[in-house]
Amino acid sequence: MSAQPDALLPFADAVATFDPVLGLEVHVELGTATKMFCGCPTGFGAPPNTQTCPTCLGLPGSLPVVNRVAVESAIRIGLALHSDIAPWCRFARKNYFYPDMPKNYQVSQYDEPIAVGGWLDVDVPTPDGPRRVRVEIERAHMEEDTGKTTHQGGETGRIHGADYSLVDYNRAGIPLIEIVTKPIEGTGASAPEVARAYVAELRALVRALGVSDAHMHQGSLRCDVNVSLRRGPDQPYGTRSETKNVNSLRSTERAVRYEIQRQAAVLAGGGRVVQETRHWHEDTGLTTPGRSKEQAEDYRYFPEPDLVPLAPSDEWVAQLRRTLPEMPAARRRRLQADWAVSDFEMQSIVNAGALDPIEATVADGADPAAARKWWLGELARVANERGVEVGELPIFPADVARVVALVESGALTDTLARRVVDGVLAGEGSPDDVVAARGLKVVDDDAALLAAIDEALAANAEVAEKIRGGKVQAAGVVVGAVMKATRGQADAARVRELLLARLGVSG
Amino acid sequence: MPSITRDEVAHLARLARLDLTDEHLDRLAAELDVILTSVATVAEVATADIPPTSHPLPLTNVFREDVVHPSLAPEQALAAAPAVEDQRFRVPRILDEE
Amino acid sequence: MAQPADLTRLTAHDLATAVAAGEVSAVEVAQAHLDRISAVDEAVHAFLHVDTDGALAAARAVDAARAAGERLGPLAGVPLGLKDVLTMQGVPTTCGSRILEGWRPAYDATVTRRLKESGVVILGKTNMDEFAMGSSTEHSAYGPTHNPWDLERIPGGSGGGSAAAVAAFEAPLAIGTDTGGSIRQPAAVTGTVGVKPTYGGVSRYGLVALASSLDQAGPCARTVLDAALLHEVIGGHDPHDSTSIDAPVPPVVEAARRADVRGLRVGVVRELSGAGYQVGVQQRFDEAVALLEELGAEVVEVSCPHFTYALAAYYLILPSECSSNLARFDGIRYGLRAGDDGVRSVEEVMSTTRAAGFGDEAIRRIILGTYALSAGYYDAYYGSAQKVRTLITGDFRAAFEQADVLVSPTAPTTAFRLGEKLADPLAMYLNDVATIPANLAGIPGLSLPVGLAPEDGLPVGLQVMAPVLADDRLYRVGAALETALLDRWGRPLLEEAPSL
């Protein structure tokens, strides 16, 4: 790790002087039941070395056999990215030694990727609403994941200073699709947001395809960020750095921003950017240099002789094309129209990760506005407190739809509804369970309410006088007292109506 | 064409993770020079129009279904390992991340 | 009933018949061969590991099955030597290398499993050149195997242990693997029969890879029929091997029984004879070809002009694949770990381990392959070699339009002396000049003994090659020739070998 902190140029200055060029390499871990080349399960979080066999341990004599669903997933991703599907392609061996790689070569694709070319349109948020940017795709190819290494001893628990390491091969051989963009040019000051939006859109796409859960924090979607700077759009590309270990959308944006600032400072100081791999550190928000590419491995790629070539027939590809779901962008456009929301509101929904829950809630019968109100309001607040995405909260869209229905029917007030939602989130069961268990019910007996009103008026004689005298806004005090007396189970509007009638004033 | 130097052999040995003595490297350089001179004759007939053969038989599209098969028990997986700790393979310290 | 002392002289077919008929028990057969191993293997060194308990247990299971009235497979109760490059669960598998010393695999190779399932009694693991790299078995880390015909001579390689075990009557059958001739050349120099099936005909699952696109396991035996019986047991599609052919095993046993070459067109490959071939080898080969003609075959001469480049292509493709295949031996998951003092890095420990665990020939080929695949050299070396592979396949295709099978001497010379070629890798590589083309094209080949070279009295092998999946033709020709030669000699050639 470098002892000196990197010099950084202020971002505005950096992008005023230099034109950033991005390249993004996203690894998507497929959600297949088994690994790429063997029948071992792929579940996350299993005890170490319980999901291994001769093949994924690289035992002498073992052989790989391709998982059909992994290839189908790769082709479907390619089709969704408007790529050409290779009519014939091979796997290759990428040879390098590393203890997390059981065979000391990775089975990958080299110059014959399964999907070639294509594009993905992304909506980049701006203060004026989303701006559409087309990101050109270079290729998408299949490969196998490596095992997981943990570093022991030393002070930091990091690789540097560790005494030794431990390897778990459960992850070794899980299928990965690597999606590589062409150089993304002309994004200027919005480069960090473009990078983030691209990764977000790709994540939405693979989730829509159902090929991966694409959880960045679990590593099932990982991003390598290539950044280079040049003096202007007509200049040749500068030397790039490749930043690895970028494990969230926010980090994608921050890592790009950091590299632009760092490289700009190097160049502005008359220095030369070194072509190297850097590591992103989420905690410090810094990148640090890894192995310099100038002494990089020679990977000695050659066609994998243990696997036969793939030759997807036109019929197979056509059949897979028919399985493509509606693409995320089209879906957003459709839902935006259905729900009649502005570009800006739609952007908020997407950013909050609330698109799926709101759509499902509406599908369960809720009014779009009410569904939006819940997911972007109370539930977003709770998700934020808990540090999870709204979609991960322990409440089903159907629950939210039921709460909305109870409010609309007058069975619950907004206040009561929030308490019902609290109960569901606390694991007390369905909304109806919570209503029953907590005895939450609107007091709709006017006689009971009038009794409470009279009590409140007696206790607030001065206020009653003021209201009689025309200061209708003072009614809130009495309404509040009644609501308190009924433990919130009254309809505040009805209380106010009854109160004003009692005092003979009109609202 | 070939005349492979000791330094080149040393570089190859590093790539192949072989810690060889200087004497061994010298010997290999001499042997490889002879062998490479002999095998380089393939270039005489390997013209641009000839497609390469990587697989002896023209098989394509061999797949397995995405069905789970029993894994090894972790004791079996780790049985032959030179060093084990916490049900993991213990390895000497790693100098740098790939 | 045969006396136990004679049991080792019987063919696999006769042993299986006797066991099935209850004339002899499988345990007696196994014990006779274990005794023979005890008696002669100190001199021959065909075995790296003898699994006495396992073999007797397997034999007892066969006897029990027979007693229970179960139907036995065609080779049930027949002992066999398994080349130490195939995994066998719980039994040491070293591949002739220090780097795998003490490794007991967690799984059976498909070949091993099929042998077990058919009641074949696996006696143990046979010696070989380290990771099957060599033509003499001198590159075994555990010492060379000696040729039963002359203990000062090599038994061929890499499968010298399997061939010598069969030739020395330690086992009637053995499994070999053939990447460039490692079944056929040892068969030739030990006076036995060896077959490399069509690539993809026998599963490679559990065969520790040397060169994945060339490796093929196959039978070693003393007769063509025995080889065919074994071929049928181990052959056939395996879903664990992506390169395995999804087709029935060619009718090899039927072909071996038919033993008829009338009307068959036999092509003599012009490029695989003449200069470089020992006079006595050429002489016995020519006589055998003449005999085939007498038997009713139509003999033609064919030319395969690119065979001249086969050796060069092979010694690029093989090292390239092997440099990658052997990368996994790094002291992390299994096998030897050297130099781990708690201070050295993993990279240093891997490098120390590999330098200590691999022998000279393995290191030579790893370095050669690393070079041939390097950026900047790939096209000139590996890339060109793959094009030569295309040309050689084309030569075969053209030749098989003129002939149903092709023939050549299996090896250019008879068994040479131990140590004679160790210092000259290129001279060693030349032993495979006639066998390599079949591996490059994936076609099947068989070697059978056709006599002794007059100048040294050592066995000479003739190679038969056939198109992909026409393995049965090998057996037709081999069996016809074998029968005619036996008539001429009056007794099997191996009876001429000195007693051990």
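Trainee: At what angle do helix α1 and helix α2 of chain B pack, and what does that make α1(B) relative to α2(B)?

Mentor: Happy to start there, and keep in mind that this is a predicted model. Helix α1 (residues 6–15) and helix α2 (residues 22–39) of chain B have axes 9 Å apart, and the packing angle is about 105°. Angles of 65 to 115 degrees count as roughly perpendicular. That makes the orientation of α1(B) to α2(B) roughly perpendicular.

Trainee: Which residues make that contact, and how do they divide by class?

Mentor: On the α1(B) side, look at B:R6, B:V9, B:A10 and B:A13. Facing them from α2(B) are B:L25, B:D26, B:L28, B:A29 and B:L32. By class, the contact of α1(B) with α2(B) comes to 7 nonpolar, no polar and 2 charged residues.

Trainee: How is chain B built overall, and what is its radius of gyration?

Mentor: Chain B has 3 helices and 3 strands, in the order α-α-β-α-β-β from the N terminus. Its C-alpha trace spans about 50 × 45 × 25 Å along the principal axes, and buried residues are 36% of its 98 residues. The globule rule gives 13 Å for 98 residues, and chain B is well over that, so it is more spread out than a compact globule, with a radius of gyration of 22 Å.

Trainee: Now to chain A. How are α9(A) and α10(A) oriented to each other?

Mentor: Helix α9 (residues 368–376) and helix α10 (residues 378–386) of chain A have axes that come within 3 Å and cross at roughly 20°. Angles under 35 degrees count as roughly parallel. The two helices, α9(A) and α10(A), are therefore roughly parallel.

Trainee: And which residues of α9(A) and α10(A) make the contact?

Mentor: By class, the contact of α9(A) with α10(A) has 5 nonpolar, no polar and 1 charged residue. From α9(A) come A:W374, A:W375 and A:L376, and from α10(A) come A:E378, A:L379 and A:A380.

Trainee: Why do the buried residues of α9(A) lie on the same side, and which helices do they pack against?

Mentor: The buried residues of α9(A) are A:A371, A:R372, A:W374 and A:W375. They lie on the same side of α9(A) because they cover an arc of only 165° around the axis. Their packing partners in chain A are α7 (343–351), α8 (355–363), α10 and α11 (397–408).

Definitions and conventions: Residues numbered from 1 in each chain as written. Chains lettered and ligands numbered in written order. Predicted model: local features only at pLDDT ≥ 70, side-chain atom pairs only at ≥ 80, totals over all residues. Axes fitted to C-alpha atoms, helices over the stretch in contact; angles between N-to-C directions. Helix = DSSP H or I, 4+ residues; strand = E, 2+ residues; numbered from the N terminus. Parallel < 35°, antiparallel > 145°, perpendicular 65-115°, else oblique. Contact = placed C-beta atoms within 7 Å. Nonpolar A, V, L, I, M, F, W, Y, C, P; charged D, E, K, R; others polar. Buried ≥ 20, exposed ≤ 12 C-beta atoms within 10 Å, placed from the backbone. Arc of directions from axis to C-beta. Rg over C-alpha atoms; globule rule 2.2 N^0.38 Å.
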